[in-house]
Amino acid sequence: MKPASFAYHAPASIEEAVALLGTFAAEDGRILAGGQSLVPTMAFRLSKPAHLIDINGIAALEKLTVENGSVSIGACVRHAAFHRPAVAGPLGALLTNVVRHIAHYPIRLRGTFCGSLAHADPASEWCLVAATLGAEMTAVSTRGTHTIAAADFFAGIMTTELAEDELLAAARLPLLPSDVRFGFCEFSRRAGDYAIAMALATLRIANGVIVEPRVGVGGAEAFARRIPEAEAALTGRPPEAAVLRAAAAAAADAIEPLEDIQADAAYRRDLVRAMTRRALEQACA
Ligand SMILES: Cc1cc2nc3c(=O)[nH]c(=O)nc-3n(C[C@H](O)[C@H](O)[C@H](O)COP(=O)(O)OP(=O)(O)OC[C@H]3O[C@@H](n4cnc5c(N)ncnc54)[C@H](O)[C@@H]3O)c2cc1C
């Protein structure tokens with residue numbers, strides 16, 4: 001099928017883009033970023049935006065900048081920007097590890113980090129990274145600019161707290177100190193498929209015990225999130241197999257699993273247990 005007809009707009013600045021969004025959002029005006037999620041749904045006529053606001057010509061949105069202890073990822077930064085470490089230290093290595101699980105190479109050349117967050121697929125790897133590390137989103141509209149913490153950003157399956165007239169101009173991730181360790185594990189049926197379940201863990205080991213653990217789970221619930229029950233099971237305890245297993249079990253118990261054609265609730269819960277344990281084993285190795 002071909003998409004339904006739409007008006008195409010190519011703003012040259014953020015101001016122009018949000019002005020267009022302000023004018024057309026109520027008529028189903030949509031941002032076009034990498035197009036790797038939006039265009040297929042248009043081709044199937046699952047979405048029929050009347051106006052497409054293409055942000056790909058806005059140079060200011062291509063920036064990836066490190067300042068004040070965090071990296072700011074502009075709305076047009078592609079997944080492929082992370083094929084090699086984009087920032088120094090554990091964060092650069094973490095992003096490089098995760099990106100190869102997103103779709104396939106040609107999709108990663110076009111799809112954007114912020115587009116993934118705005119699209120909010122439950123199985124998006126970048127949503128899991130944002131939720132686990134505590135990203136901050138910069139939302140811009142004609143009404144002004146405000147910041148949304150990751151913990152408040154994701155609201156449901158493909159639903160965020162972005163208002164319909166807001167552009168996600170950038171996402172900010174905190175840099176990780178050099179002694180932070182991480183682990184990431186994902187299960188999908190074929191390489192490049194969306195995850196059925198995945199887990200990301202970061203932690204430090206000091207004086208023989210686990211310090212400041214963060215455990216996030218994605219693909220298993222309506223949106224990716226940190227699992228405090230798993231973090232509590234790790235904090236102050238030695239990085240031993242029994243402790244990691246207990247934390248993984250806590251994560252599996254804490255979730256409300258999605259059920260779909262790929263996996264029922266019991267299977268997804270079991271996958272979360274396995275993905276979390278493996279991510280923690282990587283982090284503690
Ligand atoms: C075959 C295939 C496999 C895939 N596998 C995976 C996978 O394993 N993991 C994964 O995470 N993704 C996967 N994807 C999706 C891909 O990563 C997309 O790139 C991503 O979901 C959306 O980014 P985009 O820049 O392409 O956004 P677009 O498709 O341009 O937009 C998606 C939606 O977000 C909105 N939007 C985009 N950017 C902004 C913004 N800055 N501000 C406000 N709204 C915005 C759009 O209006 C639209 O509603 C896959 C896609 C395909 C086609």
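Q: How are helices and strands named here?
A: Helices (H or I, at least four residues) and strands (E, at least two) are DSSP runs, numbered from the N terminus. This is a predicted model, where local features need pLDDT of at least 70, side-chain atom pairs count only at pLDDT 80 or more, and totals for chains, interfaces and linings use all residues. Residues are numbered from 1 along each chain as its sequence is written, and side-chain values use heavy atoms, with hydrogens and water left out.

Q: Where is Asn 56 found?
A: Look in the loop between β3 and β4 (64-67).

Q: Is Asn 56 buried or exposed?
A: Buried means under 20% relative accessible area, exposed over 50%, partly exposed in between (1.4 Å probe, protein chains only). Asn 56 counts as buried because its relative accessibility is 18%.

Q: Which side chains make a polar contact with that of Asn 56?
A: A polar contact is a pair of N or O atoms within 3.5 Å; within protein, one must be able to donate a hydrogen and the other to accept it, and residues adjacent in sequence count only if both atoms are side-chain atoms. The side chain of Asn 56 has one of 2.7 Å with Asp 54 and one of 2.7 Å with Arg 78.

Q: How many residues of helix α6 are buried?
A: Nine of the nine residues in α6 (residues 125-133) are buried, so the helix is mostly covered by the under 20% definition. Among them are Trp 126 and Leu 133.

Q: What is found at the start of α6 and just after?
A: At the start, a side-chain oxygen of Ser 124 comes within 3.3 Å of the backbone nitrogen of Trp 126. Just after α6, Gly 134 has a positive phi of about 80°.
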